[in-house]
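This report looks at how the parts of one model are built and how they meet. Please keep the structure open beside the text while reading.

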Amino acid sequence: MKKIIIGLLIFANVATTISCKKFLEKPPEGSVQEADALKTEADVQALLNGCYLLLGNDQMYNGKLQTTAEQLADHLSSNNLGGKQQENNLRRSTIFNTDNADLFTGIYNIVYRTNKIIEKIELVSAANKPRIEAEARFIRAICHFEIARLWSHNPGYSVNNSHLGITIKTAANLLPPNRATVKETYDFIIAELKASETNLPTFNANRLYADKNCVRAFLARVYFQMNDFSNAYSYATQVINSTNYTFNTVLATRYTALGTTESILKTSNIQGQHTPGGKLREWFSGRGGLPYFRINDVIYSVFNSNVGDGRNAWLDKVKYPGNTYLNKYDSSNFEMPIIGITEMYLIRAEAAGEIAVSTPAALTIGIADINKIIERAYGNNTKNLALTVSPDMLINTVRNQREIEMIGEGDRLYQIKRIGAHPIASRRVERLDRRGSIWNCPGFILQFPDYEKNANAAFQLNVEGSCL
Amino acid sequence: MKLRLKQILKVCLMLIFAGLTVTGHAQTSVSGVVTDSKDGKPLVGVTVTLKGTKTAVTTNATGAFTINAPANGTLIFSSIGFTVIQKEVSSKTPMQVRMIATNQQLDEVVVIGYGTQKRKEVTGAIVKVSGDKISTLAAPSFEAALQGKAAGVQVVQGSGLAGSGSVVRIRGIGSISAGGDPLYVVDGIPITSDQFLRGDGGGMNQNPLSAINPNEIESIEVLKDAGAAGIYGSRGANGVILVTTKRGKIGKPKFNYTNKLGFVTYTQKPEFVNGTEYMQLKQEAWQNDGNVGQIPSSLIPSGLSFATASSTNTDWWKEVTRTGLINEHNLSMHYGNKKFKSFIAGTFGKSETYIKRNSFQRQSIRTNLDYTFSNKLKVFVNAAYNRGINDRISIWETIAAVQGWLLPIHPIYKTDGSYSTLSANPVRYFNETKYRNTDDRYLGGIILDYNPISNLNLKASASMDYLFSFEDQWESKDFTNDARGGIAKRYPIWVKNNSYNFTANYLYKLNDKNKFNFLVGAETQESEVSNTNGDIYAWGQDAPLYKNKAIYKDSLNKFLNDNTRKKQVVDNSTFASFFARINFASNDKYFLQVSARRDGSSKFGTNNKYGFFPTASAAWVLSDEKFLKNNNFINNLKLRTSYGLVGNSNIATGKYYYGYGNNRNYNNTPVLDPYNIGNPDLKWETVRNFDLGLDFGLLNNKLTGEISYYRKVTVDQLLEPGLGASSGFQKSWRNLEGGKILNEGVELTLNYILVKKQQLYVSVGGNISKNYNEVLNLGSIGADALQGGFNDTRIAEGYPVGTNFLVRYHGVDPTDGLPIWLDKNGNQTKTFSLDHRVMAGKVLPNFSGAFNTEIAYKTVEFKTLWTFVSGGNIYDGSAKYQNVGNNWNIRRDLLDRWTKPGDVAKYPRLTNSVTNYPGLGTNDNYNSTMFLYDASFMRLREISLAYKLPKGLLQKTPFSNAKISLVGMNLLTFSKYPGADPEITRDFQNSQDRNMSPNITFLTPTQAKSFVFSLNLNF
């Protein structure tokens, strides 16, 4: 007995005193550790695949970006908005708006992934390295651009764009945030886009991954936002001239399960795997009942005043009496166009009007571009612009068409700010906003989430409110 | 009948233990009576041993004993607190033995980490609370009963919900994201006490401690400083609560039966306006907003018409509350001889709360066995099973809803008699749903205690703490309104916690005056929490799954087989530790202790796998010095001090890993998702803990007490949030570089015996603690960095943990009724802005404590315990929604409002949207000092009247003692807080929220008060 007891004690001693490294390493179940997760080219590619999934399915273009911009703009009915959406709609967003914080973090999470890809690029074969890195840099650039559009004032807000932009993240780390100027931010975006263009394929037939045309389309969008019309015109033209993207001549929603041939970049829709655009359906769709987001009477009147415009059918005032809703997103699932050819025509048309003085030939091209859109809307050419209209007339027509054509797509806010910042006084409209705010009022940009300030007490927040 | 029961039980137990009983050898029977030399009272439980033999008996309730002894034998009389006496067997019987009390204050045995000490030898700060002070109170869990009983231990009792957990803070709070709760150790087992196993489902954090049966507790020792808690290393920083359960005693089988019967109701009912008033206020707001005519239906909650709403007046409070009943039965038995001792106890009870359908049932059994194989070897076996059945309610459907969005204008039923579904409907919820947590907890351990040579003791123990927890929810077909019928859901959680330790203790006597006690030990612990990744459900059910376990098993198997669900380990933490302690005693008045522990844990990063925690402490018994000896004034005076490093590692395991998920696809190609930024440097947080204390007994020990000063500086705080969102993540675990939080305080405990006579005993006592808490340094963390989850509390430099960071409300502009705020500089403004926020309040009190009285006359005892909190603030996070614009109930005290120009009012004019107050974009941000209140309160925590039946009455009964008592809890409360009860522990989101947000209420169920009749029988 004594021996047994002593044996037990010795065993207990040994069992408890041995240094057992494995015993002290308990990784969370179901989690793959970085050393195991990122060790091959396929792993890096999988990380990149995740970026695309986030772009249209989890974050950003799934509707979070668009619906946030719509809250700030002037098309929604304010009556039934509450909480964080009401706060945005009143243009008084604060550090505690968790919707905005989730969007902000979500987009930067994509940036983190792209930075991780670039850090691990050595794992990729020489053949694929340039492409994968270029895709990562393209995605990183467009993420920065979308954050900059929402969280900082438009280029043109200050002389030399020295006003504060956003934190530029080029490494996957926890370094405290530090705002660059808007000039630095846009310079970075353009440089990254241009750098990525070189090593991307000219055209991806499935339009699901970045190619040269995607880069050019975004460069057109970025330059246009900066009121840099020559570059916007040039890049939009390159995309249109590529002939890879078919402009739909018959009016139809761009948001269908089968997708649209207009897409330059899109997120695929595979039932059981991912059905992008969820946020758009959640807040705009009226399939299952009166949606949360409704359209206000002012813009409804604008639509209705255009007799014969097929797009009037997008605003449904019948299904839910007393309420108007946008039925663009009524499909139960759809492919998510991230950028498309209609926008390229709209950009080129307006930019054409802007550069007509220096490039007279552009005017005709611009008029033809906008007429494509008008003709599609009306089903005939009766409302087409004459080829003799002035540049200003073209510009005004395009601005009006753009508002209608892209309703609910989150575009309106950016046009209010861009046109307000227009460098030419005669073409500048400082209060394009139908609710009366001036384009550069503080509340037109979102407040940063408190987390951003938390990590750096010196971080400069945006000024809030004072729009309405 | 009772006599038969007793006999049957005795026979059964004797049969069970017959093989283990040692029978004495018959000799001459010697009897006698042992009394206290001071007051002549009989002494119970004195061990009477025949010298040189193993023959021993104990004195009974009258102090009497009978022992077989030879005529020339010597008897040894020993009892804790008394000097050992040897007496030769006297021819005079009965023998009269008068025992002289030693200094009880110094001779009390105190449980310490991995051992026991006499109070005199203790160098750390330890408070001992006996079990009888814990079990009398109808508290939701045993830790709540500690309130007011130990200086420096602040206990904020959980809400009025069954089984709710309390926030226990020992000498303040120095943690940010890591748990700030003490380590709970039951009979040497560090047990699972995680309040977030089920998050905050239903508006309550499930409290695993409620499964500990308070009736089984012999004592609780609270280890407060490094000298006491340092031996627990990386888990000692928040203090340690050692729970020791009852054990067998030498003597014949003795039974104890207690029945408690009682009533429970709420301490205070929050008052809200009725339906008619509510509609009048809506109309008033409509007009305040510049409108005329009657408010349109679109602005009336749930689309009700003005007429319907105005004519409905449902008393929802009445619909959700009741007078709850308490009924509990405890039966215990202890028995023992020199070889074998046993304690067996069982409990069956049900405690309803004042909320309908909410109750806690306890079914438990404990067996603690001690067997002495020889002088060298003993075995201790503990086994306890406790089933806690918590019949729960979701507060959001019931008690919270009636204070929030469920309005008096909402009817219970539609006109056709079916349930109204315009808002929450508690009546429908009570009848059409079930919600139950069933926690089966097994606590067990075996300890081998071996003394191979003189003065060397080896102990090896293996312990388990298993918790099998099932949450059942059921909704009827009417409730789901689904063609598939009713749904029954079950959420299982399994917690397995195994620990093994080994200690070697060697007592080395250098000479007669100096001795060492060496302790070395090793310990491992592994705790695993598992669940299914979602509920196990079955449609078409008309009852919960606990009533149909076959369906649960079928569903579980089906879900596991088709991969709908999987069993997963959600946390698996391990510790491997080595520790050592050296105690040195000189002249029985100088005591020195050094200890060290090295902890390795799965919670620590690869670059910081092991932490080292050294401590040193000392005590000096001044009263044993010549210059104080024989002093009539000072009987006991002990100075003690300690300094050491203790740690806190109360976080989940493996947080230092980079984490990736690979279970998604994009366009039929694999996706890799990073979800956690790793940190191989992650480690424990460290507390530099200094303590200086003086224990004293004065005036013939009539006045006893303790005064302590402590200073704790916490560094390397474990921090989860505060990341820049531009990192792509909002949270990641790390140690706060440069972080420093101070807790500094003074504690005073006093007890004074006013009268101590044979038939009358009167004493008063109390304790008071002052804790100064300040965040000294937060590195580069910004003002909004460290929020308390749901709540508007912050951690900011220069302020205490849990500061209310609010816009200051100045008052109402009498001209237009709009609120006036103060900006940061104190200038008045009518535009609200978060930029105006300042540190305006704090959740921590200035002082907390208690005082008690005890009067015993003959067989009647009357005791009171008053607890108090002075200073600090309550923030009512729900008040900001309790306005007509948000369509919530309106608290009656908020009616002191502006109604017309010239009004001087406390609150601004009513509005149908707070966005009509300039600067406010949403109700969510409407946080200001308007709803910040003084948290000071005093309450009659406990009042009891007990009557011990005279022996004469019991002579013809099988009972040796019988006692009846009445105990009231929380019967009186004095507070300036205009809401419900001022003692607030709401449901928390996470540990950080829990650290920062006691005293923040959000529709929190008010505390309960109870009145319990208790019958206690010994036989």
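In this predicted model, the C-alpha centres of domain 1 and domain 2 of chain B lie 37 Å apart. Domain 1 of chain B covers residues 26-102, and domain 2 of chain B covers residues 106-250.

**The two chains**

The table sets out the overall values for each chain.

| Chain | Helices and strands | Span along the principal axes | Buried residues |
|---|---|---|---|
| B | twelve helices, 52 strands | about 105 × 70 × 65 Å | 51% of 1019 residues |

Contacts along each chain can be sorted by how far apart the partners are in sequence. If one takes the contacts between residues at least 6 apart in sequence, 67% of those in chain A join residues at least 24 apart, and in chain B the share that joins residues at least 24 apart is 70%.

**Nonpolar cores**

The largest nonpolar core holds 282 residues, and the members that touch the most others are A:Phe138, A:Ala220, A:Ala232 and A:Ala236. Helix α7 of chain A, which runs over residues 129-151, gives the most to this core, with 13 residues. Another core lies apart from it and has 17 residues, including B:Val30, B:Val34, B:Ala69 and B:Phe77. Returning to A:Ala232, and leaving aside its neighbours within four places in sequence, this residue is in contact with A:Ala220, A:Tyr223, A:Phe224, A:Ile347 and A:Ala351.

**Where the chains touch**

The contact between the chains takes 70 residues from chain A and 65 residues from chain B. On the side of chain B that touches chain A, several strands each supply at least two residues, among them β22 (433-450), β25 (514-532) and β32 (669-676). The largest share of that side comes from β27(B), with seven residues. Sorted by class, the side of chain B that touches chain A has 33 polar, 26 nonpolar and six charged residues.

Three strands of chain B form an open sheet with mixed pairing, in the order β48-β47-β51. Because β48 (932-934) and β51 (1000-1001) of chain B stand at the edges with a single partner strand each, one side of each is left without a neighbour in the sheet. Strand β47 of chain B, residues 873-876, runs antiparallel to β48(B) and is joined to it by three bridges; B:Asn873, for example, has B:Asp934 in β48(B) as its bridge partner.

**One residue in a loop**

Is B:Arg235 buried or exposed? B:Arg235 lies in the loop between α4 (226-229) and β16 (240-245) of chain B, and it counts as buried because it has 25 C-beta neighbours inside 10 Å, where 20 or more are required. Leaving aside neighbours within four places in sequence, B:Arg235 is in contact with B:Leu183, B:Pro190, B:Gly647 and B:Ser649. The C-alpha atoms of B:Arg235 and B:Asp181 are separated by 10.0 Å, although these residues are 54 residues apart along the chain.

Definitions and conventions
Residues are numbered from 1 along each chain as its sequence is written. Chains are lettered from A and ligands numbered from 1 in the order in which they are written. This is a predicted model: local features need pLDDT of at least 70, side-chain atom pairs count only at pLDDT 80 or more; totals for chains, interfaces and linings use all residues. A nonpolar core is a set of buried Ala, Val, Leu, Ile, Met, Phe, Trp, Tyr and Cys residues joined through C-beta atoms within 7 Å. Helices (H or I, at least four residues) and strands (E, at least two) are DSSP runs, numbered from the N terminus. Two residues are in contact if their C-beta atoms, placed from the backbone, lie within 7 Å. Ala, Val, Leu, Ile, Met, Phe, Trp, Tyr, Cys and Pro count as nonpolar, Asp, Glu, Lys and Arg as charged, and the others, Gly among them, as polar. Domain bounds come from an automatic or database domain assignment. Two strands pair if DSSP finds at least two bridges between them.
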